[in-house]
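Dear colleague,

Please find the structure for your review directly below. A short account of the findings follows it.

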Amino acid sequence: MLLALWLSRNIKQIRTVMVVGSTMLLALSVYLTVDFIAQRSAGVSAAQLYTDSWCWYPALNINYSIGVDGISVVMILLSSIIVFTGTFASWNIKPQPKEFFLWYMLLSLGVYGFFITTDMFAMFMFYETALIPMYLLIGVWGSGKKEYSAMKLTLMLMGGSAFLLMGILGIYFGSGATTMNIHEIAAMNNIDTNLQYIFFPMTFVGFGVLGALFPFHTWSPDGHASAPTSVSMLHAGVLMKLGGYGCFRIAMYLMPQAANDLAWIFIILTTISVVYGALSAISQTDLKYINAYSSVSHCGLVLFALLMMTQTSCTGAILQMLSHGLMTALFFALIGMIYGRTHTRDIRELQGLMKIMPFLAVGYVIAGLANLGLPGFSGFIAEMTIFVGSFMVDDTFHRVVTIIACTSIVITAVYILRVVGKILYGEPINEEHKRLSDASWDERFTVICLVACIAALGIAPLWVSDLINNGVSDIIANLMP
Amino acid sequence: MEQLDFTILILALPLICFVVLGLCGMKMSHKVAGLLGSITLAGVTLLSYATAAIYFGAGRNMDGIYQTITPYNIKWLPLGETLSIDMGIMLDPISVMMLIVISTVSLMVHIYSLGYMKGEKGFQRYYAYLSLFTFSMLGLVVATNIFQMYVFWELVGVSSYLLIGFYYTKPAAIAASKKAFIVTRFADLFFLIGILLYGFYTGTYSFTPGEAVLISAGAVIPIALGLMFVGGAGKSAMFPLHIWLPDAMEGPTPVSALIHAATMVVAGVYLVARMFPIFIDFAPETLHIIAYVGAFTALYAAIVACVQTDIKRVLAFSTISQIAFMMVALGVCTSTDPHEGGLGYMASMFHLFTHAMFKGLLFLGAGAIIHAVHSNEKCHMGGLRKYMPITHITFLIACLAIAGIPPFSGFFSKDEILVACYSYSTMMGIFMSIVAALTAFYMFRLYYLIFWGKSHYEEQLSQYNAGTLDKKPHKPHEAPATMTIPLIILAVITLFAGFIPFGHFVSSNGHLYDIHLDWNVATISVVLAISGIFMATIMYIKGNSPITNAINHNMSNIIEAAYHRFYMDELWLFVTKRIIFNCISRPIAWFDRHIIDGTMDMLATVTQKIGDVVRPIQSGNVQSYSMWFLGGALVILTALIVFA
């Protein structure tokens, strides 16, 4: 597909290639999901399906080995949906659409690779593959102080990946394994406890930077604010999930002892993330900043739930990744569309959009309601699963932090309704805004797709949570002392 | 019972209607959308009545109670090995009773709105929201477990938010909708924590976890139930979480009638009633706390209602006060036996039923008046009885009912509540009787201000004729038939609902209970009600009487404070705006941008600075390289010689 893109000459061809390509990806992922469910229900109970392996670099036993379980299936599905809708959201990207989409696809390649591989080192490599295009995408096609943001984002994430690399090497040598395959290392489970104490925080922080763990989240507001729409979507929607996924898959899965003992430090940090992100969102004035802080809060909840280490809370965490991915993608898409028309994201300058662009405004209200956890949308089931799961840990510390985290549902309502009330309702204040048009067909398509996914997940959560459950239980079993 | 399988339609019809109206409502004409909504609702109402007929018609089982039936219950979201959120339909006496209340009032409001909202922009959207609300409210009452209740609880919250903010260009409406949602959300937080505690310790979300589990959970149950009550207090506008309800009157008036008078606001009462068997056996103290909260709220709201000038606000405070009556009735229960201390349960449900009807009627009547004079303020009314005879009569019936004058329905239900209060403690009984007298007073104050006294229209007309007013005033007129017919139907129900042998259907232990009036209590309450009406009559029948002026003059401080609702709103605003927004959120945002981000930026700057310092070394100058090389070699050599 990259090749096809490179070959295509003009904008029309590029669009065609992108649409065909991303549709194919989506179709493939849906097929994968359906087939996965079918296999599971047919009684195939292996932890990983579709496994395959090629030797890549024998000296360090790096293999390109792939395989998926329930968690990665849903993450792949999520990525495809976002890539698919992101294509439509950046329909009119300028300048140099070809290069834009090239990098865009490279970025999604990294993401897919990350989710399907079961080899630590390959995972790390795909992680880096996803980072580099981000720098260019923000630096070239971004807005505002884009160079600063792009540099900041890349440097902070690179700093994270430095920790990560050390962590991975530590795991590799600590376990004395002759493989980088996660499942084989997990099965050995022989990393020395003291080494775990060193490398668990490293790995967790390394991934945590990407998952917007307090206090390493500051790249997120700047990065999101400067990124073009579809990059924001992909970044907040999928890339931030890499963090949570990695924390769970590598840090916690492979170093269960340290995860159990050190969890409390990170629980405190994530609780701060959750509440602090939400509180800062209240007093922001830039739409994208609001959503970036909201993402900090929601992604904090993902890590929070993972660290609670119960079956239910981890299922909730994966659900939250999925749901947050879709919701923020929708949010950033809508913000991009509003910005594209009004050329401002300052909520003080926007008012009465409901009258001018009813479709986008209704979409925004739906996104907002989904974000604040309204039943019927995906946010609710994710949050409820997390809270119920976290509540199962029966000691005062966990109870207290869970209750603190619960308060975020109120704070979220405050900042969402504040924005909705401010920018959508009322009479338009800016005369020029009155002439603006409502959504075009490609924009409508993006919004409808995402809303449909959010609602589908929110109304019929059973199949997804069943799917995830299997994947989670293996890891949890490993975590139980 | 297989015949009750159709109950799923009660939920499905309004949902389908919402989806249809929501997706393609804009392409429909107003008439089609309105009729679609109303006809669907008529269907729902018929089904609800059929359900009630079948359910109560089936008779009692061997133990002499109506069997609880669960026609549907499916697992919606599993949460661990034993816990899961189920969705289903559960029928028992109170949920069937609520089905009737909700569908009846909702149908009336749907029909009424055809006239009231005629020609409004967003008419289809309005009907879509109404359907959504009806769906969620019905889902709430038939919930099979506490979590399903919470799900629908949130949904009614959001439909209330959408309907209050229906006039989305009006700043007051936007603020009110936001406030309503956030205040109730805040209360829901406690509700959620209550549910979490309950679910964890009982291992189930069902309403009947079984005796053994509850005993082993011990002291947690009162806390969990208390937290759930906070959620209920938020929805049911108990002090100090009542602040959203008066503002919610910014929504269209039929919405106020449906959501903020008859159905949604009693959800909290319903919640307590639903958990009543657990309350009474395992948390009686919590139940009594509810009684005290309710009693205080009832008095507070009644005092405030006496001085408000906006007629909808008077009704709003009256609603708060009446719901508090229901809460008190539940709270004063001391056993499940209706003959010994369990009367309050039945009384509360009975009052819920009659109140829904007469308060719905009052609001719809108020809507007709507002429709006629285009204002909410009492000073624009007066003398309307000539112009709006039907509204006048129906409003009067409702006023008499709420004041507790026999034979109107409010008399019977309120009497039962007072009997329950007296049997709990004489103090409580006297206290609530005084509030009941206040109720009669403020309702008749309202009535006289609207329908009696000098007509605002006539005053303006004479001014116009004298040439001091430019615009010809608008003549008040009786509402169209779509609006008066619901008024008449509700008035008829209000007239006769008191004679329903309510105890035959609903009672605290499920057994048949015959309502009998306690004449001592009844006499006291009627005397108090009549004296309240009498007071109102001498004070307000002719506009400003000397007594009124004297009272206003002497008690101006108290009246001023009551008019501002004893500054509760200001207090909340202070806490939220000053403390949370300015003292927490702002500093956090600043801290994030300047300290945390600053640290990150500083790291970058320091790296850069170090780079700058180190850079001259890599100058590319061969001479300096060779100098360094020679120097280095010399140092190593010296070191070798010294240490060797």
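How many helices and strands are there in chain A? Chain A has 20 helices and two strands, where helices (H or I, at least four residues) and strands (E, at least two) are DSSP runs, numbered from the N terminus.

This is a predicted model, in which local features need pLDDT of at least 70, side-chain atom pairs count only at pLDDT 80 or more, and totals for chains, interfaces and linings use all residues. Residues are numbered from 1 along each chain as its sequence is written, while chains are lettered from A and ligands numbered from 1 in the order in which they are written.

On confidence, the predictor gives the complex an ipTM of 0.84 and a pTM of 0.86. Chain B has a mean pLDDT of 82, with 96% of its residues at 70 or more; pLDDT is the predictor's confidence in each residue, from 0 to 100.

Of the 481 residues in chain A, 62% are buried (20 or more other C-beta atoms within 10 Å of the residue's own, the C-beta atoms being placed from the backbone).

Turning to the interface, 38 residues of chain A and 38 residues of chain B take part in the contact (C-beta atoms, placed from the backbone, within 7 Å). On the side of chain A that touches chain B, α18(A) gives the most, with six residues. That side of chain A comprises 25 nonpolar, 12 polar and one charged residue. Here Ala, Val, Leu, Ile, Met, Phe, Trp, Tyr, Cys and Pro count as nonpolar, Asp, Glu, Lys and Arg as charged, and the others, Gly among them, as polar.

Within chain B, helix α13 (residues 284-305) packs against helix α14 (residues 311-331) at an angle of about 160°, with the axes 7 Å apart. Axes are lines fitted to C-alpha atoms, for helices over the stretch in contact, and angles run from 0 to 180 degrees between N-to-C directions. The angle therefore makes α13(B) roughly antiparallel to α14(B) (over 145 degrees). Their contact has 18 nonpolar, six polar and no charged residues.

B:Phe239 and B:Pro240 are joined by a cis peptide bond, with omega about 0°. B:Pro240 is in the loop between α8 (220-235) and α9 (244-247) of chain B. B:Ala237 lies in the loop between α8 and α9 of chain B, and has a positive phi of about 55° although it is not a glycine. B:Ala237 counts as buried, with 29 C-beta neighbours inside 10 Å.

Yours sincerely

Notes
Angles under 35 degrees count as roughly parallel, over 145 as roughly antiparallel, 65 to 115 as roughly perpendicular and the rest as oblique. Two residues are in contact if their C-beta atoms, placed from the backbone, lie within 7 Å. A residue is buried if 20 or more other C-beta atoms lie within 10 Å of its own, exposed if 12 or fewer, and partly exposed in between; C-beta atoms are placed from the backbone.
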